[in-house]
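Hi everyone, thanks for making time.

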Amino acid sequence: MGANSEPSIFLDALVIGAGFSGLYQLHRLRDDLGLKALILEQGGGVGGTWYWNRYPGARCDSESHGYAYFFSRELHESWQWSERYPGHSEIRRYLNYVADSLDLKKDILFGCRVLQCRFLVDENLWHVLVEGGKIFHTKWLVTAVGCLSSTNIPNIPGLSSFEGDWYHTGKWPHQGVDLTGARVGQIGTGSTGIQTAPVIAEKAGHLTIFQRTANYSVPARNMPWDEAYADWVRAHYTELKALVRTTPNGHPFRISKNLAMEVSDVERTEMFERAWEKGGLRFRGVFNDLLTSRQANETAANFIKSKIQMTVKHPETARILSDIDHPYAAKRPPIDTNYFETFNRNNVTLVDVTDDPISKIVAGGIKLQSGAEHELDTLVFATGFDAMTGPLLRLNITGSEGPLNEYWATGPLSYLGLAIPNFPNLFTVTGPGSPSVLSNMPVSIEQHVDWITECIDYCMRNSVSRIEAEADAAKGWVAHVREAAEATLLPDAAHSWYWGANIPGKPRVFMPYAGGIVRYRKFCESVAHNGYAGFNFFQSDKKRNKKQIIYQQIHTNDPGV
Ligand code: N01
């Protein structure tokens, strides 16, 4: 303890982040394992990504009856969603409801930003420093920081000279922003930009959308859920729980077994039409091979492009919007409410910045390389995130051999997306190498949290003072993640954030696991059933500082990766 510092707080387990992951992790560690556990949360409330993402139109693309916890029948049955896709404020209400029902808030420190995490090798403890100087010592450290929580504001020259207001969608002011009558410039047409543009256009005096890469989108077909639907959801808890755990992406609907080229052209179009009417991510499930067969994918891509051309009245705008350079769903497929229709409004302009990029931001707006200038009062950056690795690197984690940013200098090396060699007793919920962003997140989160909890329980029952992923097991897993991506068309969109391509200087490594959550769950289970194959264990006598660590590699077998 330094002269000015507070006494450090000793814990069994520390969780960073109070979103879907952190809340469930705290519940399991505290209430099931009986550990002295705490969450450190930077925000002022629970919600994680939904605490920050409050931009106009922010809503989840997963359907509400699947975008929920399934670990408790009681919780599932006592909550009622109001729409097919939950909006951001409803998700926050849900997570507050969960946190209150489980009495979690008393063990969450809000407004508490982690500055640094350092593993103390001699003591097998994590030393965690937070803003304000408080220090925590913990045996187990679990990051529950999400995959998309580190915002990306592109380094466009001149932002500081802009005389209007500017916002990133992922850090939207909680009090909202009054855009009434404003000349708004929106940069970015990913899932977020596509959600927010129609809502901004309703308020703005004029909305100018700067598009660098055209994108597919399918109508979400959001609608209010009525009592009858809520009753159905309640009555089918068991079936829904089984369904989300057995579909490849964890959504509450099955993927068709049909192959696109095995039906006639007429049948295929009819099937696409029906899927278009159903809307949302279900569209992707109409054929089994849309992400594995180039020919099949082209049929879906052409179908959506023709829909864009039919919807958008101005021919040149329609051309720019449908001039898409990657296979459908090779980047995260957005879904929308009236996105393409928005370009038919008189107060909306599309600016193609593919060949004429933004050169700088000036006092009164945006200037393109050609010299063309767009006058703006407000700038909205819908420019995404430093995904998956960004939130972890921001924590300044130093393991037994050095800092994480050095260890991951050439890309994230992680075993199952759950554990990192040289970073003992640290678990990463939905880390790089896990299905996470390619799946319905709460389903993946529950699986991760359960696995981590059981692993910690195993360690405690076996007096393990230190567990650490083996470097070879992690390398094997990263190779498998690459192979899984290469078995699909995902590598065809090499400029996507899945590859880290949106962040200058970031290593190009395909980060999420594309083999599906069912296969992934089996890997995780087999690792656990084989005594945590691919992990090294260290046992020590019970006195912390005695340094009598006995190395014991319990399993040397390759886990079958
Ligand atoms: O971010 P993105 P997002 N000049 O990275 C453009 C999740 N999500 O926030 O494609 C001009 O996808 C960039 O252009 P380009 C979901 O997983 C979930 O939209 O790089 N443009 C692109 O158009 C999603 O995938 C929900 O050429 C620039 C856009 O900004 C993830 O969040 C809802 C630029 C960024 O698109 C991220 O989506 C919404 C520049 N300098 C989002 N820099 C749910 O339903 C960047 N761009 C839960």
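Let's start with helix H1, which covers residues 20–32. It has 13 residues, and at 1.5 Å a residue they should span 18 Å; the C-alpha atoms at its ends are 17 Å apart, so the two values agree. Before I go on, please keep in mind that this is a predicted model.

So how much of H1 is covered? Mostly covered is the answer, with eleven of its 13 residues buried. Reading along the helix, the buried ones are Phe20, Ser21, Gly22, Leu23, Tyr24, Gln25, Leu26, His27, Arg28, Leu29 and Arg30. And just after H1 you'll find Gly34, which takes a positive phi of about 75°.

Okay, on to the ligand. There are 23 residues around the ligand, and those that come nearest are Asp61, Thr189, Thr192, Arg212 and Thr213. What kinds of residues make up that shell? They divide into nine nonpolar, nine polar and five charged. If you're wondering which helix gives the most to the shell, that's H5, residues 191–203, with three residues.

Now for some atom-level distances there. At Asp61, a backbone N or O atom sits 2.5 Å from a ligand oxygen. Thr189 also uses its backbone: one of its N or O atoms is 2.9 Å from an oxygen of the ligand. With Trp497 the side chain takes part, and an N or O atom in that side chain lies 3.0 Å from a ligand oxygen. As for how covered the ligand is, taken alone it exposes 920 Å², and the protein buries 86% of that.

Next, let's move over to a pair of residues, Tyr520 and His448. Tyr520 is in helix H16, residues 517–529, while His448 is in helix H14, residues 441–461. Buried or exposed, what would you say for Tyr520? Its relative accessible area is 1%, and buried means under 20%, so Tyr520 is buried. His448 is buried too, with a relative accessible area of 1%.

What joins these two side chains? A polar contact of 2.7 Å runs between the side chains of His448 and Tyr520. The His448 side chain also reaches the backbone nitrogen of Thr430, at 2.7 Å.

Let's look at who else is around them, leaving out residues up to four places away in sequence. Tyr520 touches, among others, Leu416, Leu418, Gly433, Pro435, Trp477 and Tyr513. His448 has Leu416, Gly417, Leu418, Thr428 and Val429 among its contacts. Ser434 is on the list for Tyr520 and on the one for His448. Along the chain, Ser434 and Tyr520 are 86 residues apart, yet their C-alpha atoms are separated by 7.8 Å.

Last stop: Asp122, in the loop between strand S4 (114–120) and strand S5 (125–130). Asp122 has a relative accessibility of 42%, so it counts as partly exposed.

How values were computed:
Residues are numbered from 1 along each chain as its sequence is written. This is a predicted model: local features need pLDDT of at least 70, side-chain atom pairs count only at pLDDT 80 or more; totals for chains, interfaces and linings use all residues. Side-chain values use heavy atoms; hydrogens and water are left out. A residue is near a molecule or strand if one of its heavy atoms lies within 4 Å of it. A polar contact is a pair of N or O atoms within 3.5 Å; within protein, one must be able to donate a hydrogen and the other to accept it, and residues adjacent in sequence count only if both atoms are side-chain atoms. Accessible areas come from the Shrake-Rupley method with a 1.4 Å probe; for residues, only the protein chains shown count as cover. Helices (H or I, at least four residues) and strands (E, at least two) are DSSP runs, numbered from the N terminus. Ala, Val, Leu, Ile, Met, Phe, Trp, Tyr, Cys and Pro count as nonpolar, Asp, Glu, Lys and Arg as charged, and the others, Gly among them, as polar. Buried means under 20% relative accessible area, exposed over 50%, partly exposed in between (1.4 Å probe, protein chains only). Contact means heavy atoms within 4.5 Å. The expected span of a helix is 1.5 Å times one less than its number of residues.
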